[in-house]
Each structure stands twice: as C-alpha cells, then as structure tokens.
Amino acid sequence: MPLHHLGTLVCFGNIMISPALMHRCADDGIGLVLLDGNGRFKAWLDGAVSHNILLRQAQHSKAAEESFALAIAKP
C-alpha cells in the first residue's frame, strides 16, 4: 500500500522497522504505534504536528463548559 494512503502504522509484536521508514513516516506526518505481542501499548511516534494555538484554546474553553463536559461524559 502506498504510504500516502496511510494515516498511522500500527505494529504488533517484535518487528523491525528501519530508521529510513521511521524518518519517512515522520516527514509525511504518518504516526507509528508500537504494540507488544499481546497488543499492549509500547510507544507512539508522531512527526511534526500543527501547533494551532487557536484550536487548542477553543478546545479548552469548550471543555470548561459544564453542560458540554456533562454531555460528553455521559454514555
């Protein structure tokens, strides 16, 4: 599968990933998640991400609204 179709690579178990592939994923904004053989989380590598401060401020502001937080917390 071409890398440009991927958003994240999830790797289970004892696998080998070349540094070149890790760099390529980072450059292309493709996340890399490592899980052990039982599926337990080990690591998450992510490339450069946008630091959109306005988005983060809006998220924190919204989360501070009691009615919104209650609606999200309910199943």
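Residues are classed by relative accessible area as buried (under 20%), exposed (over 50%) or partly exposed (in between), with a 1.4 Å probe and protein chains only. The structure is a predicted model, in which local features need pLDDT of at least 70 and side-chain atom pairs count only at pLDDT 80 or more, while totals for chains, interfaces and linings use all residues. Residues are numbered from 1 along each chain as its sequence is written, and side-chain values use heavy atoms, with hydrogens and water left out.

Helices (H or I, at least four residues) and strands (E, at least two) were taken as DSSP runs, numbered from the N terminus; two strands were considered paired where DSSP finds at least two bridges between them. An open sheet is formed by 3 strands in the order E1-E2-E3, with mixed pairing. Strand E1 (8–12) and strand E3 (41–45) lie at the edges, each pairing on one side only. From one strand to the next the twist averages 15°, where axes are lines fitted to C-alpha atoms and angles run from 0 to 180 degrees between N-to-C directions.

Strands of a sheet pair through backbone hydrogen bonds, either parallel or antiparallel. E1 pairs with strand E2 (residues 31–35) in the parallel sense over 5 bridges, and Leu-9 stands opposite Leu-32 in E2. The pairing of E2 with E3 is antiparallel and covers 4 bridges; here Val-33 has Trp-44 in E3 as its bridge partner. The hairpin of E2 and E3 has 5 residues between the strands, and in this hairpin Gly-39 takes a positive phi near 85°.

Of the 5 residues of E2, 4 are buried, leaving the strand mostly covered. The β-α-β crossover from E1 through H1 to E2 is right-handed, that is, with the strands pointing away from the viewer, the path from the first strand over the helix to the second runs clockwise.

Side chains of opposite charge can pair when their charged atoms come close. With a salt bridge taken as a side-chain nitrogen of Lys or Arg within 4 Å of a carboxyl oxygen of Asp or Glu, the count comes to 3 salt bridges. Asp-28 and Arg-24 form one of these, at 2.7 Å from N to O. The two residues are 4 apart in helix H1 (residues 19–28) and therefore separated by about one helical turn. Asp-28 is partly exposed at 40% relative accessibility, as is Arg-24 at 44%.

A salt bridge also joins Arg-40 to Asp-36, with the closest N and O atoms 3.9 Å apart; Arg-40 is exposed, at 53%. Glu-65 and Lys-62 meet through their side chains in a salt bridge of 3.5 Å, N to O. Glu-65 is partly exposed at 35%, and Lys-62 is partly exposed at 36%.
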